Amino acid sequence: GCSLSTGSYNTFIGAGAGRQNTGGGFNVFIGKNAGLSNLSGAANNFLGCDAGRYTTGDFNSFLGRCAGRRITTGCGNVAIGACALSGCTSSFSTGQDNNALGRTAGRCNINGQGNNFFGASAGDRNTAGNHNSFLGQHAGFGNTDGSNNFFAGRYAGYGNTSGAHNVIIGCSAGICMSNGQNNIFMGRCAGCCNTVGSNNIYMGATAGCCGTSARHNIMFGAY
């Protein structure tokens with residue numbers, strides 16, 4: 001807090017914590033370089049080495065080493081876990097209202113907004129996707145710009161990159177899908193080989209497991 005001039009009600013603990021803060025208030029930065037670049041951002045909580053290091057926005061909470069590290073002007077983000085929402089390239093993030101819980105959850109997010117990434121590496125590669133909910137270890141791992149998806153289960157929707165408006169529930173369900181649209185897969189490995197197929201409903205373990213680009217199908221029951 002060596003640059004502090006007008007900011008009030010701040011707590012900075014650790015080498016470099018809040019070093020550049022001038023007018024920001026109601027912040028808590030604990031850890032080496034936590035909140036180092038914050039100038040006037042307010043009501044932020046950063047706990048961990050490099051947590052929120054480049055953040056200048058408001059109302060963010062980052063807990064864990066490098067959590068939210070490369071978020072700059074983004075506001076209203078919550079990242080809990082080592083490298084959650086940390087950034088994986090030299091680009092800085094302006095994403096807002098994202099929630100990431102788990103190691104590297106939402107790690108590569110740049111300008112995606114309104115996402116929920118819960119589980120280790122859930123939504124790891126998301127860069128510009130909006131309003132997604134990925135629940136489970138590696139759920140939606142490869143998603144880059146797909147939006148409005150709901151994936152629940154370990155490896156659910158793992159390979160999705162730009163597919164949108166999909167509901168995938170079950171371990172490894174829709175694991176190979178890349179850009180399918182408007183699908184509903186429910187059950188272990190349901191729609192597991194689907195890549196670009198759209199408008200399908202597969203319910204049951206391994207239901208629809210052989211289709212890759214099939215469209216407009218309804219299948220019920222374990223295969």
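1. A salt bridge is a side-chain nitrogen of Lys or Arg within 4 Å of a carboxyl oxygen of Asp or Glu. With that cut-off in mind, please note that the structure discussed here is a predicted model, and that a search of the whole of this structure finds 4 salt bridges.

2. One of these salt bridges joins the side chains of D124 and R125, with a distance of 3.3 Å from N to O. The two partners can be described by their accessibility: D124 counts as buried because its relative accessibility is 3%, whereas R125, at 36%, counts as partly exposed.

3. D124 also takes part in a salt bridge with R107, where the side chains meet at 3.1 Å, again given from N to O. This pair links distant parts of the chain, since R107 lies in the loop between β6 (99-101) and β7 (116-118), while D124 lies in the loop between β7 and β8 (133-135), 17 residues apart.

4. A further salt bridge is formed by the side chains of D50 and R69, at 3.6 Å from N to O. Here too the pair links distant parts of the chain: D50 is found in the loop between β3 (45-47) and β4 (61-63), and R69 in the loop between β4 and β5 (78-80), with 19 residues separating them. D50 is buried, because its relative accessible area of 10% falls under the 20% cut-off.

5. Which residues are joined into one network with D50 by salt bridges that share partners? They are R53 and R69, which together with D50 make up that network.

Technical notes:
Residues are numbered from 1 along each chain as its sequence is written. This is a predicted model: local features need pLDDT of at least 70, side-chain atom pairs count only at pLDDT 80 or more; totals for chains, interfaces and linings use all residues. Side-chain values use heavy atoms; hydrogens and water are left out. Helices (H or I, at least four residues) and strands (E, at least two) are DSSP runs, numbered from the N terminus. Buried means under 20% relative accessible area, exposed over 50%, partly exposed in between (1.4 Å probe, protein chains only).
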